[in-house]
Amino acid sequence: MFKRFIVKGAGILALVSGAWMLTACTTTVKLKVLEPAQIDRAAHTKQIAVSPFEGDTVGLAGKIEATLAKQKLDGDYYFTTVSRKEVDQLLQEQQFQYSGVVNENRLVEAGELLGAQAFVAGEVTSASARDDRHYEERMECANKKCNEYRVYNVACQIRTVSMGANIKMIDVSKGDIIHADSFTKSRRWKHCRDDSRTLPTKSAGLELLASEIATDFVHRLTPHYTTMTVTLLDDPDMDYSAEQKKTLSLAIEYIEAGRLDKAERMLGTLLDSTDNRSYVAAYDLGVVKEAQGDLAEARRLYHLADDLQVEPVDEINEAVKRIDRVMVNREKALSQISQ
């Protein structure tokens, strides 16, 4: 039911004040960084089977299998998954299932028969949806001059969908747990009678949460790329000639355009022309080398810039700390990939 009453226009006037904000213009570049899997031991078990999950009315086990199967790194699939058809057939033939759930004591035996290095098992502990209703006030003009306003209520509904699951990864050869954890997800959607939004069905909401849990679980097992934003230095740190200033400006423009090859040559020329005394040239060239994946050269250039800076420069200090971490993580990820 709507409530209607009149509010005089003067009563809803508000003063809005604003302020000018000055911001410095900086040039940034995105770096692609290889990160290792959180669960290092998972690198030894890339042939994986997924068993049916207890209480799995939302298809979580299937989503985990599908997520594992599509994981790629540099164009190559990272995991090999045993097809669900093979898993189900073996479980039925060997009578490993009871009420649709595999006895965990027999997962190792099932994994050996399937040629899997690891088995993923688990249970869906909760899957629910709740609707809450309330009213929200709206305001509209009560006449053509809009000097009076009418306030009325609109019915709204909030749908909250929640899901919980316990998931474990078992080493077939050793019979112990590689990784186990509990996952909880929740989402809220709102719809009011005067908007065009629609509420997802309970099943659609739970499917979304199951996909998110599958993604989170598999993400822990897989090396992956992340991106970070790094700021370039664009002000000369010494008495540049007009030609050197132009070279720095053009190099940064080429970086912005994604032409790292040309920026690399120009920054190298700039660094040489300053007799390796410009930390700006050394640092920016280090950023380009890091973006190109030449981490050892990037590290050398960052340390050169560090030696040349007279007063602390935040970008250089961060780069010196970052590059060692990036190199260690890259080596760990490469080791995981090669196993």
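## Salt bridges and a buried threonine

Arg 159 counts as buried, at 17% relative accessibility (buried is under 20% relative accessible area, exposed over 50%, partly exposed in between, with a 1.4 Å probe and protein chains only). This is a predicted model, in which local features need pLDDT of at least 70, side-chain atom pairs count only at pLDDT 80 or more, and totals for chains, interfaces and linings use all residues. Residues are numbered from 1 along each chain as its sequence is written, and side-chain values use heavy atoms, with hydrogens and water left out.

Let's look at the partners of such arginines. A salt bridge here is a side-chain nitrogen of Lys or Arg within 4 Å of a carboxyl oxygen of Asp or Glu, and the count comes to 20. Three of them are listed here.

| Pair | Closest N to O distance |
|---|---|
| Asp 181 and Arg 220 | 2.6 Å |
| Asp 261 and Arg 259 | 3.1 Å |

Arg 220 lies in helix H4 (residues 202-221) and Asp 181 in strand E11 (residues 177-192), so their bridge ties together parts 39 residues apart in sequence. Helices (H or I, at least four residues) and strands (E, at least two) are DSSP runs, numbered from the N terminus. Arg 220 is buried at 16%, while Asp 181 is partly exposed at 32%.

Now for the threonine. Thr 274 sits in the loop between helix H6 (260-273) and helix H7 (279-292), and is buried at 2% relative accessible area. Beyond its neighbours within four places in sequence, Thr 274 is in contact with Met 238, Tyr 240 and Gln 244 (contact means heavy atoms within 4.5 Å).
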